[in-house]
Amino acid sequence: IARACLRRGYAGAAADFDPPAQPDRLALLEALSPLLASCGRTLYAPEHYPVAGATILLCTALSGGTLEGRLTQAVDQYGAEHLALDLQRLAMDFPLPCPGGQGTPLTLPQLEALAAGRPTFYSDALCARYFTLTRQGQTHFVLFDDRDTLRKKLEVAQELGITSAVAALPEVLDAAGELGIRN
């Protein structure tokens, strides 16, 4: 992994592991972090994988609370210099009520089909766009990101001193240059 980062000119490696933390993955990251650091590279690890020397990835795909509040809490806890955004392009359909806060992920074509002809709104708290619809008698809240919301999330983070971000290029390819995303 470290050799690939060096050979390709990557700034580091991101561990995209979902919770809960797995002991074997944690052991891998604990071994990888100092190795990457010795090569001048960074290990980016999710918050639920506490690895010494790693930069903590904060997911920007929120369905509740506020992005600024979430980032402020993390800055207070870890320090801005130890944080990076996990800039995810959210597209999710939430049936209402949705007590668990977990919706159904949407592909871009699915999102476009659902949004066709519907007014969309902007949530300053979430830094995301949304619209509602009724399907088979149930109300749905559809939350999604576009270039502008991704840019706004980066701006909020920068105002708090968080200057790094990691993004999956297939998700943000159309906005990568505009957002300053590089290897």
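Predicted model: local features only at pLDDT ≥ 70, side-chain atom pairs only at ≥ 80, totals over all residues.

Student: OK, where is T60?
Tutor: T60 is in the loop between β3 (55-59) and α3 (67-78).

Student: Buried or exposed?
Tutor: T60 counts as buried, because its relative accessibility is 0% and the cut-off for buried is under 20%.

Student: And what is T60 in contact with, leaving aside neighbours within four places in sequence?
Tutor: The contacts are L67, L85, D86, L87, Q88 and K153. With Q88 there is also a polar approach: a polar atom of the T60 side chain lies 3.3 Å from the backbone nitrogen of Q88.

Student: Now α3. Which of its residues are buried?
Tutor: L67, L71, A74 and V75. Seen down the helix axis, the buried residues of α3 fall within an arc of 100°, so they line one face.

Student: Why would residues three or four places apart point the same way?
Tutor: Because an α-helix has 3.6 residues a turn.

Student: What covers the buried residues of α3?
Tutor: The cover includes β3, β4 (83-87) and α5 (147-159).

Student: What comes just after α3?
Tutor: G79, which takes a positive phi of about 90°.

Student: Switching to rings. How many aromatic pairs are there?
Tutor: A search of the whole structure finds 5. One aromatic cluster is formed by F94, F121, Y130 and F141.

Student: What sits over the ring of F17?
Tutor: The charged end of R25, 4.7 Å from the ring centre.

Note on methods. Residues numbered from 1 in each chain as written. Heavy atoms only, no water. Phe/Tyr/Trp six-rings, centres within 6.5 Å; stacked < 30°, edge-to-face > 60°. Lys NZ or Arg CZ within 6 Å of the ring centre and 35° of its normal. Helix = DSSP H or I, 4+ residues; strand = E, 2+ residues; numbered from the N terminus. Buried < 20%, exposed > 50% of the residue type's maximum accessible area, 1.4 Å probe, protein only. Polar contact = N/O pair within 3.5 Å; in protein donor to acceptor, adjacent residues only side chain to side chain. Contact = heavy atoms within 4.5 Å. Arc of directions from axis to C-beta.
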